[in-house]
Amino acid sequence: MEKKELLSLSATALGAAVKAGKTTAVEAMEAVLGQIEEWESIYHCYVTIGKEAALAKAADVQKKIEAGELTGPLAGVPAAVKDNLCTEGVLTTCSSKILENFVPTFSSEAVRNLERAGVVLIGKTNMDEFAMGSTTETSYFGVTKNPRNPEHVPGGSSGGSAAAVAAQECFFALGSDTGGSIRQPASYCGVVGMKPTYGTVSRYGLIAYGSSLDQIGPLTKTVEDCAAVLEAITSHDCKDSTSVKREDTDFTSALVADVKGMRIGIPRDYFGEGLDPEVKAAVLKAADLLKEQGALVEEFDLSLVEYAIPTYYTIAAAEASSNLERFDGIKYGYRAEDAAGLHQMYKRTRSQGFGPEVKRRIMLGSFVLSSGYYDAYYLKALKVKAMIKKAFDRAFLKYDCILGPVAPATAPKLGESLSDPMKMYLGDIYTISVNLAGLPGISVPCGTDSKGLPIGLQLIGDCFQEKKLIRTAYTFERLRKEEA
């Protein structure tokens, strides 16, 4: 099979081709590594690439496929994972100077699940430092560029993963989503990205940003790939106290192109001031397409949308300040060498090891948790979080899923967001409520703007209702292909 033909395949199509003997896991890996060699200097999707290890693993997996030991749909498929997921013996940096030399002694449960499925790991993708950012520009290792237009950002914090999928530098990737960090870069890069219900995928081995918000999920070329990858990484894990034991994890069974009778709600709050007219038009056109297929589509008031951003950044920053206190230069990672005593070593290590955005959020988090401000900010944010969850609960009594934009606009130009952090935070307005309420959400490409930049459609479901989202997204994806 030709390299170009191989790279154009979806993950599940490649898995089927390997199983049928039309190509091999080694040929697929060689094609991907060739693509990386050709384009990585421009896009910078990866922090670490394990070329020799990947080829050796691909050969080993190929033998197991031929022996009938690996029969899953993703066996032999090359994939990448975000650099905040621990990988045994492979550098894991969170794109931060403070972890520039950290090599874990264990792998995250999500990565182990991929390995059990026969997936072959290529390397670790670039990200915003400690997942704090929306553009993948806060990485210590440099900026990732959007393969759809290298003058623009790929989104963040899972921008390296989304860009790698869009650039055909992997067949799929894993990311993490704390406030939209899978869905927003998926939208900007024109790929599919899903954040599952909180607790569906084990967080064991995921280096935490906001523990009550973080969730691992797939970035893929198609909805079918998304369902297959989610099925592979979902498992109950006693090592993660928030892991949920689920029986309904056959997500590929939801790949049915039929939305007849499905009730879809469109929040009026999502279509007001600040939404780019081209994004609005593309998303509403998608709603019309689903309506034509028999879905019952109507507008409703979600409420509390304007409180989501201050609530999210208060809670996320508070949890980050607690989670990141372990990085002090004592046990692992970067250590300042010019310190006279212990306290000076702590200060200099953290001052030199963390970037500006991480420092900003640690300070904000420490402030809202401090004596005298805890009740005024953090406790109030927790109360509003509960109110947001109730607002969604009321909506899902009436609707099967909620439809809206992923981001207010398409991908901004490189450098635009870093100059105005508040503008960057406001760009998360449509995604963060999903994390606050622990809900599943998916981003599916639904068109491009006048500059040719991708626009994403977001579908939000009730807890543990991923199948409804997959079914709706799959139907829409098929309709778009028919239109094209």
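Are F300 and Y399 buried or exposed? Both F300 and Y399 are buried (under 20% relative accessible area; exposed is over 50%, partly exposed in between, with a 1.4 Å probe and protein chains only). This is a predicted model, in which local features need pLDDT of at least 70, side-chain atom pairs count only at pLDDT 80 or more, and totals for chains, interfaces and linings use all residues. Residues are numbered from 1 along each chain as its sequence is written, and side-chain values use heavy atoms, with hydrogens and water left out.

**Core and F130**

- The largest nonpolar core holds 147 residues. Such a core is a set of buried Ala, Val, Leu, Ile, Met, Phe, Trp, Tyr and Cys residues joined through side-chain atoms within 4.5 Å.
- F130, F171, F172, L174, F392, L403 and I442 have the most contacts inside this core.
- F130 is in contact (heavy atoms within 4.5 Å) with C94, S96, I98, L99, I207, Y209, L324, F327, F354 and V358, leaving aside neighbours within four places in sequence.

**Aromatic pairs**

- The whole structure contains 15 aromatic pairs. Rings of Phe, Tyr and Trp (its six-membered ring) pair if their centres lie within 6.5 Å; planes under 30 degrees apart count as stacked, over 60 as edge-to-face and the rest as tilted.
- F130 and F327 form a tilted pair, 5.0 Å centre to centre with 45° between the planes.
- This pair links distant parts of the chain, 197 residues apart. F130 lies in the loop between β3 (120–125) and α6 (159–166), and F327 in the loop between α10 (308–323) and α11 (342–353). Helices (H or I, at least four residues) and strands (E, at least two) are DSSP runs, numbered from the N terminus.
- F130 and F327 are both buried.
- F300 and Y399 make another tilted pair, at 4.9 Å centre to centre and 40° between the planes.
- Here too the pair links distant parts of the chain: F300 is in strand β8 (residues 296–300), while Y399 is in the loop between α13 (374–396) and β9 (401–405), 99 residues away.
- Ring pairs join F102, F130, F327, Y332 and F354 into a cluster.

**Strands**

- Strand β6 (residues 215–220) is largely enclosed by the rest of the structure, because six of its six residues are buried.
- Strand β4 (residues 172–177) runs antiparallel to β6, and six bridges join them. Two strands pair if DSSP finds at least two bridges between them.
- S176 has I216 of β6 as its bridge partner.
- Strand β5 (residues 192–195) is also antiparallel to β6, with two bridges. V192 stands opposite T220 of β6.
- β7 pairs with β8 in the parallel sense over five bridges. P267 stands opposite F300 in β8.
- Four of the five residues of β7 are buried.

**Helices**

- Helix α8 (residues 223–233) is mostly covered, with eight of its eleven residues buried. They are V223, D225, C226, A227, A228, V229, L230 and I233.
- α10 is mostly covered as well: 14 of its 16 residues are buried.
- The 16 residues of α10 should span 22 Å at 1.5 Å a residue, and its end C-alpha atoms are 22 Å apart, which agrees. The expected span of a helix is 1.5 Å times one less than its number of residues.

**Individual sites**

- A164 is found in helix α6. A164 counts as buried because its relative accessibility is 0%.
- A164 touches C45, Y46, T125, E169 and C170, not counting residues up to four places away in sequence.
- A164 and K3 are 161 residues apart in sequence and 17 Å apart in space, C-alpha to C-alpha.
- G123 sits in strand β3. At 4% relative accessibility, G123 is buried.
- Leaving aside neighbours within four places in sequence, G123 is in contact with Y46, T48, I49, A79, A80 and V81.
- D237 lies in the loop between α8 and β7 (263–267). D237 is buried, with a relative accessible area of 3%.
- D237 is in contact with E109, S202, Y204 and S243, leaving aside its neighbours within four places in sequence.
- The charged end of K239 sits over the ring of Y204, 4.9 Å from its centre. This requires NZ of Lys or CZ of Arg within 6 Å of the ring centre and within 35 degrees of the ring normal.
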